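Notebook open, structure on screen.

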Amino acid sequence: MSHISRDARKTLDLLRFRADTPGTKNRNHLNNAGAALMPSPVIEAVVGYLSREGEIGGYEAAAEANSLLEGTYDSLATFVNCARDEIAIAENATIAWQRAFYSLSFGPGDRILTASAEFAANYIAFLQVAKRTGVSIEVIPNDASGVLDPDALAKMIDDRVRLIAVTWIPTNGGLINPAAAIGRIARENGILYLLDACQAAGQIPMDVNALGCDILTATGRKFLRAPRGTGFMYMRKSVLEKIEPAMIDLYGAPLTAPDRYELRPDARRFETWEKNYSVRLGLRAAVDYALDIGLENIEERCNHLSSKLREGLRGMRAVSVHDLGTPLASIISFTVNDWEPSAVMAYLTDKGINVSVSPPCSTPVDAYTRQLPPVVRASPHYYNTEEEIEAFLEAIAGIAIVDGLLG
């Protein structure tokens with residue numbers, strides 16, 4: 001899948017990546033867990049297609065670019081190691097996740113097992129379905145490092161467990177849940193496994209067969225570097241054949257007679273007829289760009305930069321790092337003594353450094369358990385430089401000087 005060998009990892013062409021990324025000229029962008037900077041091929045794919053729509057018409061441009069658009073499914077299938085018929089494209093990861101989840105059936109006494117750091121949007125859906133059906137929601141315990149404990153999960157399994165639904169890399173906290181180990185337990189027990197891979201896509205390699213998941217959903221805008229408003233879903237063929245989407249239209253389920261419809265045989269039964277074609281081409285360009293670099297190479301570079309940033313923060317007495325687990329993702333959550341996270345973010349913005357603030361409501365169970373405050377979130381990517389990490393750390397260290405001047 002990658003065009004760069006493992007031996008070439010240390011010679012990634014950083015100059016090329018930055019030349020391909022216009023945003024690096026304007027900002028020190030450490031908000032890739034929010035929305036990464038798009039590379040030029042992605043921007044050109046979107047803008048070029050929109051220009052063509054303006055020149056010849058929307059339907060006509062789609063027909064002209066049909067082979068390119070169809071290739072998006074091939075690129076995504078390569079990206080997660082599945083068949084193209086197992087891929088559906090969505091407007092975002094939440095919609096992809098909801099289309100899958102709300103198509104499942106639950107009843108009183110059924111159990112959904114999830115992670116303590118599950119993303120809020122997913123957890124809200126669990127609560128709604130629990131209210132409607134009587135299904136119970138149970139949080140899988142963590143191990144001593146704060147990561148989901150596969151042994152604890154194995155002990156929770158019984159014949160009432162209908163779904164294991166886990167966020168692989170949560171929105172904050174840096175941890176990486178053991179997705180493949182969860183998959184092995186799900187497979188051994190014949191339990192459906194839904195994996196939210198939003199923060200994983202574009203940051204680490206993803207192989208749905210090695211992961212053992214039945215359904216995987218992800219966004220384009222984060223580490224994958226695709227446009228906002230893009231996402232996708234993988235659904236294993238054997239599962240797909242048994243599930244009718246909660247909502248269908250004439251694209252996902254064409255009429256075969258005035259009183260009959262037939263579901264598409266592929267995962268596109270979860271799609272609708274109208275689509276934003278321009279950003280689909282942007283999504284394909286982003287996936288192809290990542291594949292060309294190699295996800296193992298990206299992961300190694302992200303590990304290097306995030307470790308440098310995290311250790312720098314841990315060396316500051318006024319800073320508390322709120323990350324859990326080993327290994328850690330390229331998402332660092334921290335607070336600065338006597339500073340509101342929003343004030344830290346504003347201070348860094350004034351210095352041309354992009355970060356974000358993650359509120360406790362993003363991961364409600366984990367935040368309540370750990371009594372987490374809002375945290376500043378820094379998330380470097382492979383196109384960031386060591387000098388940008390140093391500039392960030394110097395800026396955080398400079399907060400003490402600002403306090404002295406204001407005191």
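Before counting anything, I note that helices here are DSSP runs of H or I with at least four residues, strands are runs of E with at least two, and both are numbered from the N terminus. On that basis I get 15 helices and 15 strands in the chain. I keep in mind that this is a predicted model.

**Entry 1: the whole chain**

I looked up the overall dimensions. Along the principal axes, the C-alpha atoms fill a box of roughly 75 × 55 × 40 Å. I then checked the radius of gyration: a compact globule of 407 residues would come out near 22 Å, and the chain has 22 Å, so the two agree. For burial, I find that 57% of the 407 residues count as buried.

**Entry 2: strand β6**

Next I picked β6, residues 192-196. How many of the five residues of β6 are buried? Five of the five are, so the strand is largely enclosed by the rest of the structure. I had the cut-off in mind here: buried means under 20% relative accessible area.

Which way do the side chains go? In a regular strand they alternate between the two faces of the sheet. In β6, L192, L194 and D196 point one way, while Y193 and L195 point the other way. I note that D196 is buried along with the others.

Then I went through the neighbours of β6. Strand β5 (residues 161-167) pairs with β6 in the parallel sense, over five bridges. One bridge I looked up joins L163 to L192 in β6. Strand β7 (residues 215-219) also runs parallel to β6, and three bridges join them. There, L194 has I215 in β7 as its bridge partner.

How do I get from β5 to β6? Helix α8 (residues 179-189) makes a β-α-β unit with the two strands, and the unit is right-handed.

**Entry 3: the largest pocket**

I moved on to the open spaces. The largest pocket has a volume of about 290 Å³. Its lining counts 21 residues, and those closest to the centre are T94, F119, C198, R221 and K222. Which element gives the largest share of this lining? I find helix α5 (residues 93-101), with three residues. By class, the lining has seven nonpolar, nine polar and five charged residues.

**Entry 4: the cavities**

I count two cavities of 30 Å³ or more.

The largest cavity has a volume of about 40 Å³. Among the residues that line it are P39, G202, F223, L224, R225 and Y382. Helix α11 (residues 277-293) gives the most to this lining, three residues. The classes here come to eight nonpolar, one polar and one charged.

The second largest cavity holds about 30 Å³ of space. I list its lining as A88, I89, A90, A96, R99, M233, F270 and E271. The elements that give two or more residues to it are β2 (87-90) and α5. Of these, β2 gives the largest share, three residues. I sort the lining into six nonpolar, no polar and two charged residues.

One cross-reference for my own use: α5 turns up in the lining of the largest pocket, and α5 is also listed for the second largest cavity.

Conventions: Residues are numbered from 1 along each chain as its sequence is written. This is a predicted model: local features need pLDDT of at least 70, side-chain atom pairs count only at pLDDT 80 or more; totals for chains, interfaces and linings use all residues. Side-chain values use heavy atoms; hydrogens and water are left out. Buried means under 20% relative accessible area, exposed over 50%, partly exposed in between (1.4 Å probe, protein chains only). Two strands pair if DSSP finds at least two bridges between them. A crossover is right-handed if, with the strands pointing away from the viewer, the path from the first strand over the helix to the second runs clockwise. On a 1 Å grid over the protein atoms alone, a cavity is a set of points where a 1.4 Å probe fits but cannot get out, and a pocket is an open set with protein on both sides within 12 Å along at least five of seven lines; lining residues have an atom within 4 Å of a point. Grid points are joined across faces, edges and corners, and a volume is the space filled by probe spheres set on the points. Ala, Val, Leu, Ile, Met, Phe, Trp, Tyr, Cys and Pro count as nonpolar, Asp, Glu, Lys and Arg as charged, and the others, Gly among them, as polar. The radius of gyration is taken over C-alpha atoms; the globule rule is 2.2 Å times the number of residues to the power 0.38.
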